[in-house]
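Please read the following report alongside the sequence and the model.

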Amino acid sequence: MSDIVEKTLTALPGLFLQTPGAGGPAAARAPFSSRLGGLIRGITALTSKHEEEKLIHQELSNLKAAVSAPTTTLKMMKECMVRLIYCEMLGYDASFGYIHAIKLAQQGNLLEKRVGYLAVSLFLHESHELLLLLVNTVVKDLQSTNLVEVCMALTIVSQIFPQEMIPAVLPLIEDKLQHSKEIIRRKAVLALYKFHLIAPNQVQHIHVKFRKALCDRDVGVMAASLHIYHRMIKENSSGYKDLTGSFVTILKQVVGGKLPVDFNYHSVPAPWLQIQLLRILRLLGKDDQRTSELMYDVLDESLRRAELNHNVTYAILFECVHTVYSIYPKSELLEKAAKCIGKFVLSPKINLKYLGLKALTYVIQQDPTLALQHQMTIIECLDHPDPIIKRETLELLYRITNAQNITVIVQKMLEYLHQSKEEYIIVNLVGKIAELAEKYPLFEP
Amino acid sequence: MIQAILVFNNHGKPRLVRFYQRFPEEIQQQIVRETFHLVLKRDDNICNFLEGGSLIGGSDYKLIYRHYATLYFVFCVDSSESELGILDLIQVFVETLDKCFENVCELDLIFHMDKVHYILQEVVMGGMVLETNMNEIVAQIEAQNRLEKSEGGLSAAPARAVSAVKNINLPEMPRSINIGDLNIKVPNLSQLV
């Protein structure tokens with residue numbers, strides 16, 4: 001009986017759509033919802049690129065007529081816009097539609113606005129002249145009481161926004177940093193980060209607000225602010241050393257499982273957050289003993305906890321190892337990290353092997369004995385069927401060349417060169433061989 | 001930072017193309033084609049990380065890809081992103097698509113390209129990862145869908161009726177009647193009246 005009810009329910013929408021309802025002729029209403037479908041089915045039925053071009057050109061001229069016709073409602077414009085996006089994705093020019101996309105974002109109701117904004121973000125770029133027309137709409141939407149509109153405006157601001165217009169929206173976005181809804185604060189943080197990337201001098205005065213975002217009660221907002229801090233610390237690490245304590249505390253709480261269960265991914269608490277924090281700590285602790293000392297505990301804890309067998313825990317382990325080797329060294333941590341690298345390199349999983357080799361390249365300067373330990377595996381990797389692993393091994397070998405092994409290494413590099421067909425790899429490798437030849441001029445390759 | 005997100009099928013046809021950095025139109029198409037050629041050569045049991053070709057920026061950029069059935073999901077990232085982290089992010093994105101579309105397949109991506117873009121917008125914004133929690137992403141999309149239903153007006157009435165009836169808990173009728181027991185109980189006829 002319940003399957004009969006199920007069948008009736010699924011058939012109902014079909015029945016209703018077939019009967020012409022009020023508002024608009026049936027001929028115009030019914031086909032529009034499947035116009036995109038029709039176009040796609042048309043393309044897949046064709047066999048040659050030439051026919052596809054013909055079909056798309058015809059579709060584009062239909063669309064051109066449709067969007068310029070004064071009788072086209074916004075709803076129909078929305079359907080046209082989706083088809084235009086599809087054509088542009090396949091590589092055909094649809095620039096006649098750009099201005100209509102902006103109009104759609106300005107005048108449409110919520111759904112049409114959404115399509116309009118999407119089309120604008122896909123079609124235009126930051127220095128496009130038409131973009132200036134959108135600024136007013138964005139300002140209006142930022143002040144709207146409808147949360148979805150504000151979200152859409154913030155999204156478009158961080159995707160594309162003309163640099164000259166930043167002062168117009170900056171105060172509104174700063175305002176949003178104190179909004180009661182977490183999603184809006186989070187998007188505002190990322191929009192401000194985008195501004196920092198394109199015009200850092202204009203966001204100087206709100207660094208204090210970023211600090212507030214870091215201590216926000218909602219984890220999402222705090223995570224978003226980490227993007228900004230990672231960038232700023234990369235540019236100037238000494239200005240933020242006082243924040244080391246806070247980052248360490250946050251990481252301790254995450255690793256200790258103090259976050260809500262929602263943030264667990266395969267029973268690992270907020271792995272991307274952990275990775276981000278570890279990178280920030282790496283930048284802060286570099287060559288600085290006092291700051292590094294603050295981190296030893298939490299790094300130890302992370303190394304210990306990340307023992308499960310999932311991709312994500314390996315990601316965290318990799319970051320931990322990288323951090324341990326970059327900051328001021330501590331012998332117990334170095335030992336544990338070396339063991340981890342060993343596990344990676346010997347792992348049968350290929351992604352881990354790659355990362356193990358990568359980690360060895362970082363480590364090699366500080367601890368050459370580690371490479372000797374894994375010599376056999378490295379030599380095996382040289383003959384690995386995967387060219388990426390081979391290249392990574394060559395990269396590693398390049399760093400451990402000395403007078404004894406240079407002949408062999410350069411020979412292997414030349415072999416790889418013969419097989420490789422990609423131009424930029426060849427250029428890279430030839431450069432390395434030339435460098436080695438200069439360093440050890442007495443040896444013939 | 002994520003430079004670009006590309007989804008194409010086994011024949012190189014693009015299903016979703018989103019660039020977070022400005023490239024002219026022909027270069028964008030060339031990048032899609034080049035990425036497809038690079039990724040096609042890979043077997044299924046080797047590394048998921050590729051150095052990007054000469055077009056997409058040189059040695060600082062990596063392509064991290066995953067192959068699901070007929071689709072390749074490729075994220076082009078720079079060195080500030082963790083490779084395994086992005087690999088799992090691709091997994092989160094695909095799982096979210098699965099949740100939003102109910103057993104997603106390539107056809108869903110083709111015919112609902114705009115919806116896929118909206119979901120992607122909740123995960124990655126401006127090249128930065130905005131949200132990694134699948135439930136949060138789905139909640140945002142549901143909020144937008146609810147607005148869609150309420151704005152639908154008269155033409156959405158059948159759809160709403162259908163979903164309302166679907167959500168009623170109909171009492172289950174017994175699918176099989178066990179007559180192994182000789183002490184047959186008289187059925188309760190009052191519910192059929």
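The text below treats a helix pair, a core and a loop residue in turn.

This is a predicted model, in which local features need pLDDT of at least 70 and side-chain atom pairs count only at pLDDT 80 or more, while totals for chains, interfaces and linings use all residues. Residues are numbered from 1 along each chain as its sequence is written, chains are lettered from A and ligands numbered from 1 in the order in which they are written, and side-chain values use heavy atoms, with hydrogens and water left out.

The axes of α17 (residues 311-326) of chain A and α2 (residues 83-101) of chain B come within 8 Å and cross at roughly 155°, the axes being lines fitted to C-alpha atoms over the stretch in contact and the angles running from 0 to 180 degrees between N-to-C directions. The two helices are therefore roughly antiparallel (over 145 degrees). Contact means heavy atoms within 4.5 Å, and the residues that make it are tabulated here.

| Helix | Residues in the contact |
|---|---|
| α17(A) | A:Asn311, A:Val312, A:Tyr314, A:Ala315, A:Phe318 |
| α2(B) | B:Glu83, B:Leu84, B:Gly85, B:Leu87, B:Asp88 |

Among the residues of the largest nonpolar core, which has 210, A:Ile173 is one of those that touch the most other members; such a core is a set of buried (under 20% relative accessible area, 1.4 Å probe, protein chains only) Ala, Val, Leu, Ile, Met, Phe, Trp, Tyr and Cys residues joined through side-chain atoms within 4.5 Å. Leaving aside neighbours within four places in sequence, A:Ile173 is in contact with residues including A:Leu142, A:Leu154 and A:Phe195.

A:Glu422 lies in the loop between α23 (406-419) and α24 (423-439) of chain A, and, not counting residues up to four places away in sequence, A:Glu422 touches B:Leu38 and B:Lys41.

Notes. Helix = DSSP H or I, 4+ residues; strand = E, 2+ residues; numbered from the N terminus. Parallel < 35°, antiparallel > 145°, perpendicular 65-115°, else oblique. Buried < 20%, exposed > 50% of the residue type's maximum accessible area, 1.4 Å probe, protein only.
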